[in-house]
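Please look through the structure shown below, with its sheet and its packed helices in mind. The briefing that follows is grouped by topic.

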Amino acid sequence: MAGSQFTLAALATTAVPGLVLTGTRTLGSAASGDYESAVLRDADGTLSAIRRPRNQRAEARQSADLVAIRALSAGIRSRLPFAVAEYRGQAPIGSTRAIVTTYVPGTQPTLRDLGERPELATSVGRAVAAVHQLPTSFVTDAGLPSLTPFEVLRSAVSVMDRAVATKLVPAALVERWEGAARDQQLWQFTPTVVHGALGTGVVLVDGDAVTGILDWGELRLGDPAKDLAWVLAGHRDGFDTVLSAYEANGGGRDRQLAQRARVYHELETAQWLLHGVQAKSTEVVDDAVAMMHRLVDAVQTPSAEPLQSVSPDTMEIGEVEQFLSSTERRHG
């Protein structure tokens, strides 16, 4: 472990000219994970982080994250009530590279924390709202993805279709998801700046305040509901508090936001199923099927929330496919 730290420290001094280190410690697990990481202390007490990817998947994620954090200018960052890592330098090692950024302190909250600590849930809602109010121009100027509502719907329908094709999705979920796909009002939203991969693993907190958000590789213009879906895996009170704080801090007037967040949350089970099928993992497939059956039980309770809007303007599923096909031709 010490050898790895010393290697990373040496790389950091190559990546950042003039860097004088006085200390180093591991960041995360030294033996597992996609990265070898360390926290570095320089002569004036400033902390930095260095990460070396262990595989091609991690290297691709790190490259996407680097593009995003370099697009987040000082002016953009000043609009956020939390810290984002800043690029400091990079150094080649073998066939990859190690990247040095500023260190963002904080601990990762749990979904249970959001349900039990309203102040923390409020801070999360405020943080997400701040991201969604960023000017869209910096995303397009950086060449990052910009998705229309049509493209968002098409992506969701693709996940539904591929999952249903396995014949492992319970009929109740097929009907529920197809109903959401047919609901035109549900998918009427204004694309905003979204983080795209929010979750307990990338949000950092100190007490009841969000101090930082990591892993910006999915930064894009898209559906704001995507950044709220992860909270639904926890207690309902946590989601309600996050959503209230989000709306109170300028998070839009999208009446269908919560319903679309539920669509994304439920489709995570479909994506897990598809991952298992692709990886040919019986264990993952069985786990996904069990999750879907638990989801069926949950959505059939009297207190379950619907996916469709209150007064949906629906299309037949064939019309949805025709609509998406024509949209793809126009935007292709």
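This is a predicted model: local features need pLDDT of at least 70, side-chain atom pairs count only at pLDDT 80 or more; totals for chains, interfaces and linings use all residues.

Residues are numbered from 1 along each chain as its sequence is written, and side-chain values use heavy atoms, with hydrogens and water left out.

**Annotated region**

- Five strands form an open sheet in the order E1-E2-E3-E5-E4 with antiparallel pairing, where two strands pair if DSSP finds at least two bridges between them.
- Strand E1 (21–26) and strand E4 (87–93) stand at the edges with a single partner strand each, so one side of each is left without a neighbour in the sheet.
- From one strand to the next, the twist averages 25 degrees.
- E2 and E3 run antiparallel and are joined by seven bridges, with glutamate 36 having arginine 52 in E3 as its bridge partner.
- The hairpin of E2 and E3 has four residues between the strands, and glycine 45 there takes a positive phi near 90 degrees.
- Strand E3 (residues 47–53) is joined by four bridges to strand E5 (residues 96–102), the two running antiparallel; alanine 49 has threonine 101 in E5 as its bridge partner, and arginine 51 stands opposite isoleucine 99 in E5.

**Helices**
- Helix H2 (residues 56–71) lies across strand E2 (35–42), E3, E4 and E5, and runs at about 40 degrees to E5; axes are lines fitted to C-alpha atoms, for helices over the stretch in contact (heavy atoms within 4.5 Å), and angles run from 0 to 180 degrees between N-to-C directions.
- Helix H10 (residues 257–279) and helix H11 (residues 282–299) pack at an angle of about 160 degrees, their axes lying 8 Å apart.
- That angle makes H10 roughly antiparallel to H11, a term for angles over 145 degrees, whereas those under 35 count as roughly parallel, 65 to 115 as roughly perpendicular and the rest as oblique.
- Residues making the contact include Trp272 and Leu273 of H10 and Met291 and Leu295 of H11.
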